[in-house]
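Please read it beside the sequence and the 3D view shown here.

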Amino acid sequence: MAGLRAFLAVASLSLLAASSPGKAQTPVTENIQIGLSTDHVSITAGFSGADLTIFGSLENADPLVARQGRYDIIVVLEGPARPVVVRRKDRVLGIWINLESETFENVPVSYSVATTRPLQDVTDPNSYKQLSLGAANIYMQPADDGDSPATIQEFTAALRERKTATGLYSENVGGVQFLSQNLFRATVRLAPNVPVGTHKARAFLFKSGLFIKESSAQLEIRKSGFEQSIFRVAHDYSFLYGVFAVSLAMLTGWLGRLVFRKD
């Protein structure tokens, strides 16, 4: 029901824009609008991932270009940015230990992409770099700029591979589908380990390989139930939560000693 309401809202926006009077001699420019099926997602300890539906519309779309299939849309759901430490393990005297590490600042914790076609068929690589669009084009800012470029590149590649392997960075080719000449639907994947916080949905419109417009919306992902209560207490009353956790550990250890002691 929520998805249907979002679809109808986007559709009405598209019709309103199409019916609005414009200046006679002014050339029209395509625009794009998106609406989420929900503005928040609640997850519990048993959350195993989900698909998020994003509806959107094209305004002032050229009918000929639409019929020829020369409009492409890429939708991204980008998670909150946080510092990330990447460590490299090496074998020393038969033991695997961490010898080197690299810290990156403001790295999106999650990054899900849905496209009308494979990325290489939409536009050229330079356009993706200019837009920082796609997991391969996210700029990973190292905390220490003094490290060698080769070292930074190696750890950057390792970070992207790790994110992809855990499902936090994903790509859904064909995940954007046109429902009509002006309306479309995108499906992006929420990984089971998706982080809580404010996520940003962004839709990029391309026409014959050229970037035209971008639209965005926000999504809040939060814990629910008992997990949310623990999460809120740990953040709002961190000192008391720490004292309680230490006290509980000591009590558990003391009770265990009583139960398993030998007379």
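At 34% relative accessibility, Ser-132 counts as partly exposed, a class that lies between buried (under 20% relative accessible area) and exposed (over 50%), with a 1.4 Å probe and protein chains only. The model is a predicted one, in which local features need pLDDT of at least 70 and side-chain atom pairs count only at pLDDT 80 or more, while totals for chains, interfaces and linings use all residues. Residues are numbered from 1 along each chain as its sequence is written, and side-chain values use heavy atoms, with hydrogens and water left out.

**Backbone with positive phi**

- Most residues other than glycine have a negative phi.
- Ser-132, which is not a glycine, has a positive phi near 50°, and this residue is placed in the loop between helix 3 (125-131) and strand 8 (141-142); helices (H or I, at least four residues) and strands (E, at least two) are DSSP runs, numbered from the N terminus.
- Asn-106 likewise has a positive phi, of about 55°, although it is not a glycine; Asn-106 lies in strand 6 (residues 95-108) and is exposed, with a relative accessible area of 54%.

- Six strands form an open sheet in the order 2-13-12-4-7-9, with mixed pairing, where two strands pair if DSSP finds at least two bridges between them.
- Strand 2 (40-43) and strand 9 stand at the edges with a single partner strand each, so one side of each is left without a neighbour in the sheet.
- From one strand to the next, the twist of this sheet averages 20°, with axes taken as lines fitted to C-alpha atoms (for helices, over the stretch in contact) and angles running from 0 to 180 degrees between N-to-C directions.
- Strand 4 (residues 71-78) is mostly covered, since seven of its eight residues are buried.
- Strand 4 pairs with strand 12 (residues 197-207) in the antiparallel sense over eight bridges, and in that pairing Leu-77 stands opposite Ala-201.
- Strand 4 also pairs with strand 7 in the antiparallel sense, over five bridges, with Ile-74 opposite Thr-115.
- Strand 12 and strand 13 (residues 210-223) are joined by 11 bridges in the antiparallel sense, and the bridge partner of Arg-202 in strand 13 is Ser-216.
- Ser-170 belongs to strand 9 (residues 169-173) and is partly exposed, with a relative accessible area of 23%; Ser-170 and Leu-190 are 20 residues apart in sequence and 9.2 Å apart in space, C-alpha to C-alpha.

- Four strands form an open sheet in the order 1-3-11-10, with antiparallel pairing.
- Its edge strands are strand 1 (31-36) and strand 10 (176-178), each of which pairs on one side only, and the twist averages 25° from one strand to the next.
- Strand 3 (residues 50-59) and strand 11 run antiparallel and are joined by eight bridges; the bridge partner of Ile-54 in strand 11 is Ala-186.

**The cavity**

- The count comes to one cavity of 30 Å³ or more, a cavity being a set of points, on a 1 Å grid over the protein atoms alone, where a 1.4 Å probe fits but cannot get out.
- The largest cavity has a volume of about 50 Å³, where a volume is the space filled by probe spheres set on the grid points, which are joined across faces, edges and corners.
- Among the residues that line the largest cavity are Leu-77, Tyr-111, Arg-189, Leu-190 and His-199, lining residues being those with an atom within 4 Å of a point.
- Strand 7 (111-115) and strand 11 (183-190) are the elements that give two or more residues to this lining.
- By class, the lining has six nonpolar, four polar and one charged residues; Ala, Val, Leu, Ile, Met, Phe, Trp, Tyr, Cys and Pro count as nonpolar, Asp, Glu, Lys and Arg as charged, and the others, Gly among them, as polar.

**Aromatic pairs**

- A search of the whole structure finds four aromatic pairs, where rings of Phe, Tyr and Trp (its six-membered ring) pair if their centres lie within 6.5 Å, and planes under 30 degrees apart count as stacked, over 60 as edge-to-face and the rest as tilted.
- The rings of Phe-178 and Phe-184 have centres 6.3 Å apart and planes at 65°, so this pair is edge-to-face.
- Phe-178 is partly exposed at 34% relative accessibility, whereas Phe-184 is buried at 0%.
- Phe-204, Phe-206 and Phe-211 are linked into a cluster by ring pairs.

Key:
1 Å grid on protein atoms, 1.4 Å probe; cavity = no way out; pocket = protein on both sides within 12 Å on 5 of 7 lines; lining within 4 Å.
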